[in-house]
Amino acid sequence: MGETLARKNIDETCIVCEQPKTLGIHLFASFICSDCEKDIIQTDTNDPKYKYYINQLKSVIKPEIYS
Ligand SMILES: [Zn+2]
């Protein structure tokens, strides 16, 4: 049901590489391209790159909370 509707060829800006991409996943209200998704999965947690990814993701997962 509705599977055809899920396939749209609209470029969205990836929050990690900040490039407009067609393929990727949605995380909350943001978009991560399949390249970055793969990269994140393959990057070792000790790699400085991993910290950068997490940083980018944090801004999505944890929206600013005003307490
Ligand atoms: Zn990307």
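## Thr 43 and its contacts

Setting aside neighbours within four places in sequence, Thr 43 is in contact with Lys 49, Tyr 50 and Tyr 53. The model is predicted, and every value in this report is computed from it.

Where does Thr 43 sit? Its place is the loop between helix H1 (34–42) and helix H2 (48–61). Thr 43 counts as buried, because its relative accessibility is 11% and the cut-off for buried is under 20%. One of its polar atoms lies 2.5 Å from the backbone oxygen of Asp 39.

## The chain as a whole

The chain has 67 residues, and buried residues make up 21% of them. Consider the contacts between residues at least 6 apart in sequence. Of these, 24% join residues at least 24 apart.

## The zinc site

Which residues hold the zinc ion? Its protein donors are Cys 14, Cys 17, Cys 33 and Cys 36. Each gives its SG atom, and the donors lie 2.3 Å from the ion. Along the chain, the donors follow the spacing C-x2-C-x15-C-x2-C. Cys 17 lies in the loop between strand E1 (12–13) and strand E2 (20–21), while Cys 33 lies in strand E4 (residues 30–33), so this pair ties together parts that are 16 residues apart in sequence.

What is the geometry of the site? The angles among the four donor atoms are 102 to 116°, and the site is tetrahedral. For four tetrahedral donors, the ideal angle is 109.5 degrees.

## Looking at the cysteines

Cys 33 is buried, at 0% relative accessibility. Cys 36 is buried as well, with a relative accessible area of 7%.

Cys 36 belongs to helix H1. Leaving out neighbours within four places in sequence, Cys 36 is in contact with Cys 14, Val 16 and Cys 17. Take Cys 36 and Cys 14 as a pair. In sequence they are 22 residues apart, and in space their C-alpha atoms are 8.3 Å apart.

## The E3–E4 hairpin

Strand E3 (residues 24–27) runs antiparallel to E4, and four bridges join the two. Across this pairing, Leu 27 stands opposite Ser 30 in E4. E3 and E4 form a hairpin with two residues between them.

Side chains in a regular strand alternate between the two faces of the sheet. What happens on the two faces of E4? Both are covered. Ser 30 and Ile 32 are buried on one side, and Phe 31 and Cys 33 are buried on the other. Cys 33 is also one of the zinc donors.

## Two positive phi angles

Most residues other than glycine have a negative phi. Phe 28 has a positive phi of about 55°, although it is not a glycine. Its place is the loop between E3 and E4. Phe 28 is exposed, with a relative accessible area of 61%.

Glu 18 also has a positive value, with phi near 60°. Glu 18 is in the loop between E1 and E2. At 53% relative accessibility, Glu 18 counts as exposed, because the cut-off for exposed is over 50%.

## The tyrosine pair

How many aromatic pairs does a search of the whole structure find? It finds one. The ring centres of Tyr 52 and Tyr 53 are 6.0 Å apart and the ring planes are at 55°, so the pair is tilted.

Tyr 52 is partly exposed, with a relative accessible area of 40%. Tyr 53 is buried, at 5% relative accessibility.

Tyr 53 lies in helix H2. Not counting residues up to four places away in sequence, Tyr 53 touches Val 16, Asp 39, Ile 40 and Thr 43. Thr 43 is the residue that opened this report. Tyr 53 and Ile 15 are 38 residues apart along the chain, and their C-alpha atoms are separated by 9.3 Å.

Note on methods. Residues are numbered from 1 along each chain as its sequence is written. This is a predicted model: local features need pLDDT of at least 70, side-chain atom pairs count only at pLDDT 80 or more; totals for chains, interfaces and linings use all residues. Side-chain values use heavy atoms; hydrogens and water are left out. Donors are N, O and S atoms within 2.8 Å of the metal (3.2 Å for Na, K and Ca); water is not among the atoms, so sites may look incomplete. Four donors count as tetrahedral if all angles lie between 85 and 135 degrees; four count as square planar and six as octahedral if opposite donors are over 155 degrees apart and all others between 65 and 115; anything else is irregular. Buried means under 20% relative accessible area, exposed over 50%, partly exposed in between (1.4 Å probe, protein chains only). Two strands pair if DSSP finds at least two bridges between them. Rings of Phe, Tyr and Trp (its six-membered ring) pair if their centres lie within 6.5 Å; planes under 30 degrees apart count as stacked, over 60 as edge-to-face and the rest as tilted. A polar contact is a pair of N or O atoms within 3.5 Å; within protein, one must be able to donate a hydrogen and the other to accept it, and residues adjacent in sequence count only if both atoms are side-chain atoms. Contact means heavy atoms within 4.5 Å.
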